[in-house]
Amino acid sequence: MSHPDKAETGFGVYVHWPFCMAKCPYCDFNSHVRHQPVDQQRFAAAFARELATMRERTGQRTVSSIFLGGGTPSLMQPQTVGSILDEIARHWHVPQGIEITLEANPTSVEAERFRGYRTAGVNRVSLGVQALNDPDLRRLGRMHSVEEALVAIGLAREIFPRLSFDLIYARPDQTIEAWREELARAISYAADHLSLYQLTIEEGTPFFNLWKAGRLVTPDGDHAAALYAETQEVTARHGLPAYEISNHAVSGAESQHNLVYWRYGEYVGVGPGAHGRFIENGTRTVTITERHPETWVQKVETGGHGVVEEEFLSGEQEGDEFLLMGLRLVEGIDLSRYERLTGHSVKEKRVISLAEQGLIEYVGNSRIRTTPEGAIVLNSVIADLAA
Ligand SMILES: C[S@@+](CC[C@H](N)C(=O)[O-])C[C@H]1O[C@@H](n2cnc3c(N)ncnc32)[C@H](O)[C@@H]1O
Ligand code: SF4
């Protein structure tokens, strides 16, 4: 059985390292703190096994990017990273020079391992800087100071060909002026890529409880929209325009791995709580693995993989996901691909109506994208198009 997308859209490998030194009070990623040392050799062996199982399912493919995310992958020994990368290259074709990213926290202990990661094959680091002032770093529960972050940035620039860092904005009490100044400073340290996320209050986190009790106040809708607009303006003026809702880059420095997701490509996901989406027997298959790290290892050791949930997507579901991912991108989406995936076109009346409201625009014959106004109400634009 063939699929309209086969071999067109990139093939990424995502590896999830689920441990952190401390749990940040805003974070609901699958991250866990352990007070005993983690048995990295045992985890490395489990990654190797799950990768082998995924290889059986995908067949031989050419990898377009690798991403080691977390949690905090910079808590891995370089040797652990090296063994995972070697396994990936043993199973699939990994061309020279593809993007291999590792997420790192900018503490001094982790920065000491940077050279080891480079030797292991990592060529891009994504640093979780989050803020460039110490009071906010403390409020965010971070384990590093601004000074440590700047040292880590400097070192990363020396060691890795490519570097990005994350900041969280729309923090409690953050003024437009303070953010403008902090962002301009960040751009002066950034190489060519920045991820700028608005603080979201996630249910189940300590921030959620504080927020519900009225003890943590985040910017209201208008202020958040003004901070977002300021972000777009400052980054564009400094040559790092948005290429996605929260991601900014010098042209050509976009994250290849994230583009695989947003262009609705294929990827395998290994490690606790990882998601994958790849075409198997002509159907786009979703895999989700066990979230709890030690349970995941046991499952892999006994059954060869930790997958606990699987879904086989219909063309209609693929169409919805394609819109959801692609309309985040400034390059927008090709409507003819929507047609190939679903077997029918997007309703023209709806496209015209959204265009008249100034929420989407045509970029070429069959391409559309959201306007800056549309990006703010993205979910309702997608719901409207997919209805
Ligand atoms: C997987 S996380 C972590 C990477 C690394 N462990 C760190 O904290 O530096 C990726 C990014 O998501 C962002 N993030 C996590 N939780 C968030 C939240 N509640 N609101 C906004 N951004 C968040 C942070 O900027 C973080 O760097
Ligand atoms: S933000 Fe990063 S360091 Fe903090 S808990 Fe989440 S994954 Fe771990």
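This report walks through strands, aromatic contacts, cysteines and a ligand site in one predicted model.

## Basis of the model

The model is predicted, so local features need pLDDT of at least 70 and side-chain atom pairs count only at pLDDT 80 or more, while totals for chains, interfaces and linings use all residues. Residues are numbered from 1 along each chain as its sequence is written, chains are lettered from A and ligands numbered from 1 in the order in which they are written, and side-chain values use heavy atoms, with hydrogens and water left out.

Helices (H or I, at least four residues) and strands (E, at least two) are DSSP runs, numbered from the N terminus. Buried means under 20% relative accessible area, exposed over 50%, and partly exposed in between, with a 1.4 Å probe and protein chains only. Strand S1 covers residues 11–17. Of its 7 residues, 7 are buried, so S1 is largely enclosed by the rest of the structure. Both faces are covered. Phe11, Val13, Val15 and Trp17 lie on one side, and Gly12, Tyr14 and His16 on the other.

Strand S2 (residues 65–70) is also largely enclosed, because 6 of its 6 residues are buried. One side carries Ser65, Phe67 and Gly69. The other carries Ile66, Leu68 and Gly70.

Two strands pair if DSSP finds at least two bridges between them. Strands of a sheet pair through backbone hydrogen bonds, either parallel or antiparallel. S1 and S2 are parallel, with 6 bridges. Val15 stands opposite Leu68 in S2, and Trp17 has Gly70 as its bridge partner there. S1 also pairs with strand S9 (residues 266–270), again in the parallel sense, over 5 bridges. In S9, Val270 is the bridge partner of Val15.

## An antiparallel sheet

Strands S13, S15 and S14 form an open sheet in the order S13-S15-S14, with antiparallel pairing. Its edge strands are S13 (333–334) and S14 (360–362), each pairing on one side only. S13 is joined to strand S15 (residues 367–370) by 2 bridges. Asp334 stands opposite Arg367 in S15.

## Aromatic contacts

Rings of Phe, Tyr and Trp (its six-membered ring) pair if their centres lie within 6.5 Å; planes under 30 degrees apart count as stacked, over 60 as edge-to-face and the rest as tilted. The count comes to 15 aromatic pairs. In one of them, the rings of Phe11 and Trp92 have centres 6.0 Å apart and planes at 55 degrees, so the pair is tilted. This pair links distant parts of the chain, 81 residues apart. Phe11 is in S1, and Trp92 is in the loop between helix H2 (78–91) and strand S3 (99–104). Both residues are buried.

Phe208 and Trp211 also make a tilted pair, 5.8 Å centre to centre with 40 degrees between the planes. They are separated by about one helical turn, because they lie 3 residues apart in helix H8 (residues 206–212). Phe208 is buried at 15% relative accessibility. Trp211 is partly exposed, at 38%. Elsewhere, Trp17, Phe19, Phe43, Phe47 and Trp296 form one aromatic cluster.

A charge sits over a ring if NZ of Lys or CZ of Arg is within 6 Å of the ring centre and within 35 degrees of the ring normal. The charged end of Arg284 sits over the ring of Tyr264, 4.0 Å from its centre.

## Ligand 2 and the cysteines

A residue is near a molecule or strand if one of its heavy atoms lies within 4 Å of it. The residues around ligand 2 are Cys20, Ala22, Lys23, Cys24, Tyr26, Cys27, Ser31, Gly71, Thr72, Asn105 and Arg142. This shell divides into 5 nonpolar, 4 polar and 2 charged residues. Ala, Val, Leu, Ile, Met, Phe, Trp, Tyr, Cys and Pro count as nonpolar, Asp, Glu, Lys and Arg as charged, and the others, Gly among them, as polar.

Cys20 is buried at 15% relative accessibility. Cys27 is buried at 17%. A disulfide is a pair of cysteine sulfur atoms within 2.5 Å. The structure holds 0 disulfides.

## An exposed position

Thr119 lies in helix H4 (residues 114–120). Thr119 counts as exposed, at 71% relative accessibility. Its C-alpha atom is separated by 20 Å from that of His93, 26 residues apart along the chain.
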